[in-house]
Amino acid sequence: MKDVISLGIGEPDFVTPEPILKAGIASLQRGETQYTSNSGILELRQSLSKHLQKLYGVSYDAEELLITVGVSEALYLALTAILNPGDEVIVPEPCFVAYTPEVIFAGGKPITVPTTVADQFQVAAAAIEAAITSRTKAILIGYPNNPTGAVMSRDRLIEISQIAEKHDLIVISDEIYDRLVYGFDHVCFASLPNMRARTITLGGFSKDYAMTGWRIGYAGGPAEIIGAMRKIHQYTIMSAPTTAQRAAMEALVSGDDHVKKMVNEYDRRRKLIVSGFNQLGLDCFEPKGAFYTFPSIARSGMNENEFCEKLLQEEQVAVIPGSAFGESGKGFVRACYATSYEKIEQALSRIEKFMRRHG
């Protein structure tokens, strides 16, 4: 379609910062076109270890880190490594669309736990505990959250950690949006008391450093689990792209100022779109992380699929039905603000016209 403003795909509209680009180009010019270690370049893993220690006080040895083809591969490896057929994984929703399919691919059974806007889409430890059975192997959480933009307070995460310890569960913590937080300090789950030994931390460079197409992620955790994940990685992928790993090394060295600039711009857009939706009667709680809003479309009188279809056809604005992210997403849509401020203004103007007809 022509003239569509997309608030759909969750991808930064920024180009990868220039120093990172140059590092990747320089790597190619040096002729670094061979495989790396299955685990990833040692210097990258060492730099990543220092990075996580500096930010969150979590220390990993090089053999406790695995460089992957994005966080998507890291999640697949984690689930495949730990699950036996029929093992259950508790998954709070709304959640990233790949979570439940990845559990199924790995032979497990996803057990979804709903969250609500009344609780700002933070999952309650009591709800997780109520879903635990004798087959439960792990809890899979993703905060800052896609699609809601919700974050979890340290106190709530500690409650979940206590449940994990009580029931001897592994926690897979997807922290791909860790740097994209607004007025809030991200809490790395593995930094909580007694959690390093039972947590698989997933992270990457795609969102924070605008490197989606480079496909570089990582997993950190106990050496035994990372070793099992490495075996699967070795026989399915071999190693992550060499050029992208070199670029990631530069991101850790010089990317911090660029991240801060992007976060400041995302924050400006966040305030605009949240205020805009609320003024239009599309009630929207304030997201504190990632780059998504999750407004209710109850005022429109439509379900989320009908709303998205009509908005696209009538006003050429693309948003995602909330139900794509689980049953808890019914009645909501996801609107991504990783697009320009001006385009968000135009999108809100078009949505205002749409709501005049349907609100």
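What follows is a set of questions about labels and the values behind them.

Analyst: Ground rules before we start. This is a predicted model, where local features need pLDDT of at least 70, side-chain atom pairs count only at pLDDT 80 or more, and totals for chains, interfaces and linings use all residues. Residues are numbered from 1 along each chain as its sequence is written, and side-chain values use heavy atoms, with hydrogens and water left out.

User: Okay. Why is D87 called buried?

Analyst: Buried means under 20% relative accessible area, exposed means over 50%, and partly exposed is in between (1.4 Å probe, protein chains only). D87 comes in at 7%, so buried is the label.

User: And what makes D87 and K137 a salt bridge?

Analyst: The term asks for a side-chain nitrogen of Lys or Arg within 4 Å of a carboxyl oxygen of Asp or Glu. For D87 and K137 the closest N and O atoms are 2.9 Å apart, and the pair is a salt bridge. K137 has 23% relative accessibility, so K137 is partly exposed. D87 sits in the loop between α3 (70-82) and β3 (88-93), while K137 is in strand β5 (residues 136-142), so the pair ties together parts that are 50 residues apart in sequence. Helices (H or I, at least four residues) and strands (E, at least two) are DSSP runs, numbered from the N terminus.

User: How many salt bridges does that rule give?

Analyst: The count comes to 24 salt bridges. One of the pairs is R30 with E32, at 3.2 Å from N to O. R30 has a relative accessible area of 52%, so R30 is exposed, whereas E32, at 18%, is buried. There is also a network of salt bridges linking D267, R270, K271, E286 and K288.

User: Speaking of α9, why are α9 and α11 called roughly parallel?

Analyst: Axes are lines fitted to C-alpha atoms, for helices over the stretch in contact, and angles run from 0 to 180 degrees between N-to-C directions. Angles under 35 degrees count as roughly parallel, over 145 as roughly antiparallel, 65 to 115 as roughly perpendicular and the rest as oblique. Helix α9 (residues 256-279) and helix α11 (residues 341-358) pack at about 10°, with their axes 10 Å apart. The two helices are therefore roughly parallel.

User: Which residues make that contact?

Analyst: Contact means heavy atoms within 4.5 Å. On α9 the contact residues are E265, R268, R269, L272, I273, G276 and F277, and on α11 they are Y341, I344, E345, L348 and I351.

User: How do you know that β2 and β8 pair?

Analyst: Two strands pair if DSSP finds at least two bridges between them. Four bridges join β2 to β8 (residues 217-220), and the two strands run antiparallel. I67 stands opposite Y218 in β8. Both faces of β2 (residues 65-68) are covered, with L65 and I67 buried on one side and L66 and T68 buried on the other.

User: What makes β2 and β4 edge strands?

Analyst: The open sheet has seven strands in the order β2-β8-β7-β6-β5-β3-β4, with mixed pairing. β2 and β4 (109-114) each have a single partner strand, so one side of each is left without a neighbour in the sheet. The twist averages 20° from one strand to the next. Within this order, β5 and β6 (residues 170-174) run parallel and are joined by five bridges, with I141 opposite S173 in β6.

User: How about the three-strand sheet: which are its edge strands?

Analyst: The order there is β9-β12-β11, an open sheet with antiparallel pairing. The edge strands are β9 (292-293) and β11 (320-321), each pairing on one side only. Two bridges join β9 and β12 (residues 333-336), and T293 has A335 as its bridge partner in β12.

User: Last one: why is P92 called buried?

Analyst: P92 has 6% relative accessibility, so buried is the label. P92 belongs to strand β3. Leaving aside neighbours within four places in sequence, P92 is in contact with V113, T115, V123, L140 and I141.
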